[in-house]
Amino acid sequence: MLTTVVGSYPPYPRGPTSLIEKIQDIFGMYDKYKPAIELAVVDQIKAGIDIISDGQVRGNMIEIFAKKIPGMDFVNGSAIVYGKILPPKNPITVEDVKFAIKLKNKIKKNVKVKGIITGPCTLAYSSKIEGFYKSKENLMFDIAEALKVEAKFLEKLDIAMIQIDEPILSTGIVNIKTAKKVIETITDEVSIPISLHVCGSIVDIFEKLLEFNVDIIDCEFAGTKENLNILEDVDLKGKKIGFGCVNTKTNKVESVEEIKKRILKGIELIGKENMVIDPDCGLRNLKRESAFNKLKNMVRAAHAISN
Ligand SMILES: [Zn+2]
C-alpha cells in the first residue's frame with residue numbers, strides 16, 4: 001500500500017547562519033522557509049513516506065493562497081476578498097514543490113512528491129467579502145479559475161498527484177452539487193491523478209463525493225470513527241480511498257499495533273488495493289517529534305501488512 005501525507009508539517013523557518021546565507025540576507029535573497037521545507041522533506045523521507053509534500057510551511061492553508069491570488073489578501077489572521085479574483089501571474093506553490101523534488105532527488109530518488117491546492121470552496125468560505133462579489137457562489141467559480149492555472153503549472157512538474165483540500169465540504173455549508181461543478185472546473189482540465197481531501201465527518205456527503213471527477217477521496221478514519229460506516233458495502237466507482245489512519249488532533253503517538261488494527265479494518269471493508277495510507281489531516285499544529293513518530297509508526301504499520 002502506498003503511503004503519503006495530507007500535506008502540512010510543523011514549520012521551522014530559520015534565520016541565516018552561514019556566511020553565504022548572511023550575505024544573501026543583506027541582498028534580500030535569503031529565504032527562511034527553505035530550511036523549513038528541507039526539514040519537512042527530510043523527516044518525511046526518514047519516516048519512509050512514499051509520496052511526500054513540501055510541508056506547506058509558509059503559512060496555513062488559507063494564508064498561502066489568499067496572499068497570492070489577485071483580488072484576495074490575508075490580513076490580521078483572516079482572508080479578505082477586495083476585488084475581482086484573477087489568476088495568479090506567478091505560480092503560488094510551484095517553486096517550493098520544485099525545491100522539494102530537488103531535495104528528495106538527492107536523498108531518495110524513488111520517493112514521489114505531490115502538489116497541494118487549497119480548494120476554491122474552502123478559500124471562498126474562509127474569506128470575508130469586502131468588495132466586488134455579492135455571493136460566495138460567484139466567488140468560488142472565480143477562485144477555481146485562478147486555481148486551475150496553478151494546477152496546470154503543477155502538473156508540468158515531476159509529481160505523483162495533485163491534492164485539493166476541501167475541509168469546508170464536511171460542514172454542509174456549501175451545496176454539494178455546486179461544489180462538484182466548482183472543483184471540476186479544475187479537475188476536468190488536469191490529466192494527472194487528483195486526490196480530494198475532506199476532513200471531518202463525511203457521512204452525509206460521501207455518496208456525492210464518489211461522483212466527483214477525482215481519483216482519490218481522502219478522509220479521516222482515525223479521529224472521526226463514524227466515517228468507517230460509509231465504507232460498508234460501498235461502490236467506490238473506481239476511486240481509491242485516502243485512508244486517514246493516524247489522529248492528527250493530538251500529539252499522542254499511536255502504536256504500530258493500534259494503527260495496524262485501523263488499517264486492517266479498512267482492508268476488511270474496501271480491500272487493500274483501494275487504499276492509500278495517510279494521516280487524518282495535516283500535521284502543522286503538532287510537535288515535530290509527534291508528527292515524525294506518527295508518520296514513522298504509520299509506515300511501519302502499513303509495511304507490516306503489505307509484507
Ligand atoms: Zn484536513
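Tutor: Start with isoleucine 194: leaving aside neighbours within four places in sequence, isoleucine 194 is in contact with Ile162, Ile164, Thr187, Val214, Asp215 and Ile216. Contact means heavy atoms within 4.5 Å. This is a predicted model, where local features need pLDDT of at least 70, side-chain atom pairs count only at pLDDT 80 or more, and totals for chains, interfaces and linings use all residues. Residues are numbered from 1 along each chain as its sequence is written, and side-chain values use heavy atoms, with hydrogens and water left out.

Student: Which element holds isoleucine 194?

Tutor: Isoleucine 194 is in strand 7, residues 194-197. Helices (H or I, at least four residues) and strands (E, at least two) are DSSP runs, numbered from the N terminus.

Student: Does isoleucine 194 count as buried or exposed?

Tutor: Its relative accessibility is 3%, so isoleucine 194 counts as buried. Buried means under 20% relative accessible area, exposed over 50%, and partly exposed in between (1.4 Å probe, protein chains only).

Student: How far apart in space are isoleucine 194 and lysine 46?

Tutor: 25 Å, C-alpha to C-alpha. In sequence, isoleucine 194 and lysine 46 are 148 residues apart.

Student: Let's zoom out. How many helices and strands does the chain have?

Tutor: The chain has 10 helices and 10 strands. Its radius of gyration is 19 Å, close to the 19 Å that the globule rule gives for 307 residues, so the chain is as compact as a globular protein of that length. That radius is taken over C-alpha atoms, and the rule is 2.2 Å times the number of residues to the power 0.38.

Student: What does the C-alpha trace span?

Tutor: About 55 × 50 × 35 Å along the principal axes of the chain. Buried residues make up 56% of the 307 residues. Among contacts between residues at least 6 apart in sequence, 73% join residues at least 24 apart.

Student: Now the core. Which residues have the most contacts inside the largest nonpolar core?

Tutor: Ile69, Leu169, Phe206, Leu209 and Ile263, in a core of 96 residues. A nonpolar core is a set of buried Ala, Val, Leu, Ile, Met, Phe, Trp, Tyr and Cys residues joined through side-chain atoms within 4.5 Å.

Student: What does phenylalanine 206 touch?

Tutor: Not counting residues up to four places away in sequence, phenylalanine 206 touches Ile217, Ile230, Leu231, Val234, Leu236 and Ile241.

Student: How does the lining of the largest pocket divide?

Tutor: Seven nonpolar, eight polar and four charged. Ala, Val, Leu, Ile, Met, Phe, Trp, Tyr, Cys and Pro count as nonpolar, Asp, Glu, Lys and Arg as charged, and the others, Gly among them, as polar.

Student: And how many cavities of 30 Å³ or more does the structure hold?

Tutor: One. The largest cavity has about 40 Å³ of space. Its lining residues include Thr4, Lys114, Met161, Ile216 and Asp278. Strand 6 (161-165), strand 8 (216-220) and strand 10 (275-278) each give two or more residues to that lining.

Student: Back to loops. Where is glycine 55?

Tutor: In the loop between strand 1 (51-52) and helix 3 (61-66). Glycine 55 has 0% relative accessibility, so it counts as buried. Its C-alpha is 5.4 Å from that of alanine 40, 15 residues away along the chain.

Student: What about the phi of glutamine 56?

Tutor: Positive, about 45°, although glutamine 56 is not a glycine. Glutamine 56 lies in the loop between strand 1 and helix 3, and at 10% relative accessibility it counts as buried.

Student: Last one: is aspartate 233 buried or exposed?

Tutor: Exposed, at 80% relative accessibility. Aspartate 233 sits in the loop between strand 8 and strand 9 (240-244), and has a positive phi of about 50° although it is not a glycine.

How values were computed. On a 1 Å grid over the protein atoms alone, a cavity is a set of points where a 1.4 Å probe fits but cannot get out, and a pocket is an open set with protein on both sides within 12 Å along at least five of seven lines; lining residues have an atom within 4 Å of a point. Grid points are joined across faces, edges and corners, and a volume is the space filled by probe spheres set on the points.
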